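Student: I have the sequence and the model open. Could we go through it as questions and answers?

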Amino acid sequence: MDSIILEKIKALISKNENVGIAVGKNPGVDEMAAALSLYLSLSGINKKVTIICPTEPIVELSSLVGIDKVRKSFEGGATGDLTVSFPYKEGEIEKISYTLEEGKLNILVKAGENGLNFNEKDVEYKRSAGAPGLVFVVGTPRLSDLGTAFDMETLKDSKVINIDYRPDNQGFGDIPLIGKNSSSVSELTTSFISSLDLNIDVDIASNLLAGITSATDNFQNPKTSPLSFEMVANLLKKGAVRKTKKAEKEEIETDDFFTPKSQTKAPSFSKSPFGTEEKKPSFAKEGFGEPTEDNPPDDWLAPKIYKGSTNI
């Protein structure tokens, strides 16, 4: 990344306390993993970060760390201001004050000599969107992919950084970071987070690894870049956890294999197939087994010596 652009981005992050991250509709594992990783990294330096997506997350995204933090829009943020509006004519209001009673703020509008020309139904309440000053749009080729989640009027004063690797990205935003030689947006985001000197913990590393693995079809895609393998090696060094469906299946099978035999039900031979009690097999007549009353003498099987007749 160009050092001038990098310093500019660092300055924007330092300047803005409120940061937004946006992902287009119906994102895959790669796009959402990259966005959530950036969310966790910026939250780690005490930024107030909001992440949005116009559509509900699919089941495949449920294992990503931070997926529960995704919202539909930037509106209604805690940083927004509340404005109370009502009609006004010159001279009808003497003064405005407020009181605090039992945890409630009461705004007092003292009427002038001519009285007030409005009543309760004319009072309006407006909550500003609390738009973030800096917005990262991740893995989204077109702003239209954000739908109504990205309100141009609300975000007109926000700086937009566009992070993507697709060649069809329209290059929108104040700073477009389009890594056309990358294999995934997670790969690009890994490099970006590292360039910003932000921490990559186990959760972030696991998200990024999941994104790269998904985008490269488990590294089987021939377009997988050499940098992908380098990034993955670094993520694994940071403790990234890689858990595939095959691994989960093998884990279940392993658990079954090592189940103590005492926990399994042993076959019972106390009953014969005909409903009568079985006895230990006796081979007395063949000269085997334990001696019984019907068994022959102990020397029955001993070698016998016969003497021939001398009267031949």
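Student: Is Ser225 buried or exposed?
Tutor: This is a predicted model, and in it Ser225 lies in the loop between α4 and α5. Leaving out residues up to four places away in sequence, Ser225 touches Asn181, Ser183 and Glu187. Buried means under 20% relative accessible area. Because the relative accessibility of Ser225 is 7%, the residue counts as buried.

Student: How does Phe219 count, buried or exposed?
Tutor: Phe219 is also found in the loop between α4 and α5. Its phi is near 70°, a positive value in a residue other than glycine. With a relative accessible area of 19%, against a limit of 20%, Phe219 is buried.

Student: And Asp217, buried or exposed?
Tutor: Asp217 has its place in the loop between α4 and α5. Phi of Asp217 is near 55°, which is positive although the residue is not glycine. A residue is exposed over 50% relative accessible area. At 53%, Asp217 therefore counts as exposed.

Student: Does the length of α4 agree or disagree with what its residue count predicts, and what is the distance between its end C-alpha atoms?
Tutor: α4 runs over residues 202-215. At 1.5 Å a residue, its 14 residues should span 20 Å. The span agrees, because the end C-alpha atoms are separated by 20 Å.

Student: Which helices are among the cover of the buried residues of α4?
Tutor: The buried residues of α4 are Ile204, Ala205, Ser206, Asn207, Leu208, Leu209, Gly211, Ile212 and Thr213. What covers them includes α2, α3 and α5.

Student: Are α2 and α4 roughly parallel or antiparallel?
Tutor: Two packed helices are described by the angle between their axes and the distance between the axes. For α2 and α4 the angle is about 160° and the axes are 8 Å apart. Angles over 145 degrees count as roughly antiparallel, so α2 and α4 are roughly antiparallel.

Student: Which residues of α4 meet α2, and is the crossing left-handed or right-handed?
Tutor: α2 passes α4 in a left-handed crossing. From α2 the contact uses Val29, Asp30, Ala33, Ala34, Leu36, Ser37, Leu40 and Ser41. On α4 the residues they meet are Asp203, Ile204, Asn207, Leu208, Ala210, Gly211, Ser214 and Ala215.

Student: How many residues of α2 are buried?
Tutor: α2 covers residues 29-43 and has 15 residues. From its first C-alpha to its last it reaches 21 Å, close to the 21 Å expected at 1.5 Å a residue. The helix is mostly covered, and the number of buried residues is 13.

Student: How is α2 placed relative to α3, roughly parallel or antiparallel?
Tutor: α3 spans residues 185-195 and packs against α2 at an angle of about 15°, with the axes 8 Å apart. The cut-off for roughly parallel is an angle under 35 degrees, so α2 and α3 are roughly parallel.

Student: Which residues of α3 make that contact?
Tutor: The crossing of α2 past α3 is right-handed. α2 contributes Asp30, Glu31, Ala33, Ala34, Ser37, Leu38 and Ser41. The residues of α3 are Val185, Ser186, Thr189, Phe192 and Ile193.

Student: Is Tyr165 buried or exposed, and what is in contact with it?
Tutor: Tyr165 is in the loop between β9 and β10. At 18% relative accessibility, Tyr165 counts as buried. Its C-alpha atom is separated by 6.3 Å from that of Ser184, 19 residues apart along the chain. Neighbours within four places in sequence aside, Tyr165 is in contact with Asp30, Gly179, Lys180, Ser182, Ser183, Ser184, Val185 and Leu188.

Student: How far is the C-alpha atom of Asp174 from that of Lys159?
Tutor: Asp174 is in the loop between β9 (159-164) and β10 (175-178), and at 43% relative accessibility it counts as partly exposed. Leaving aside neighbours within four places in sequence, Asp174 is in contact with Ser158, Lys159 and Val160. Asp174 and Lys159 are 15 residues apart along the chain, and their C-alpha atoms are separated by 6.1 Å.

Student: For the whole protein chain, what percentage of residues count as buried?
Tutor: The chain has six helices and ten strands. Its accessible surface comes to about 21,100 Å², of which 52% belongs to carbon and sulfur atoms. Of the 312 residues, the part that counts as buried is 33%.

Note on methods: Residues are numbered from 1 along each chain as its sequence is written. This is a predicted model: local features need pLDDT of at least 70, side-chain atom pairs count only at pLDDT 80 or more; totals for chains, interfaces and linings use all residues. Side-chain values use heavy atoms; hydrogens and water are left out. Helices (H or I, at least four residues) and strands (E, at least two) are DSSP runs, numbered from the N terminus. Buried means under 20% relative accessible area, exposed over 50%, partly exposed in between (1.4 Å probe, protein chains only). Accessible areas come from the Shrake-Rupley method with a 1.4 Å probe; for residues, only the protein chains shown count as cover. The expected span of a helix is 1.5 Å times one less than its number of residues. Axes are lines fitted to C-alpha atoms, for helices over the stretch in contact, and angles run from 0 to 180 degrees between N-to-C directions. Angles under 35 degrees count as roughly parallel, over 145 as roughly antiparallel, 65 to 115 as roughly perpendicular and the rest as oblique. A crossing is left-handed if the near helix is turned anticlockwise from the far one by less than a right angle, and right-handed if clockwise. Contact means heavy atoms within 4.5 Å.
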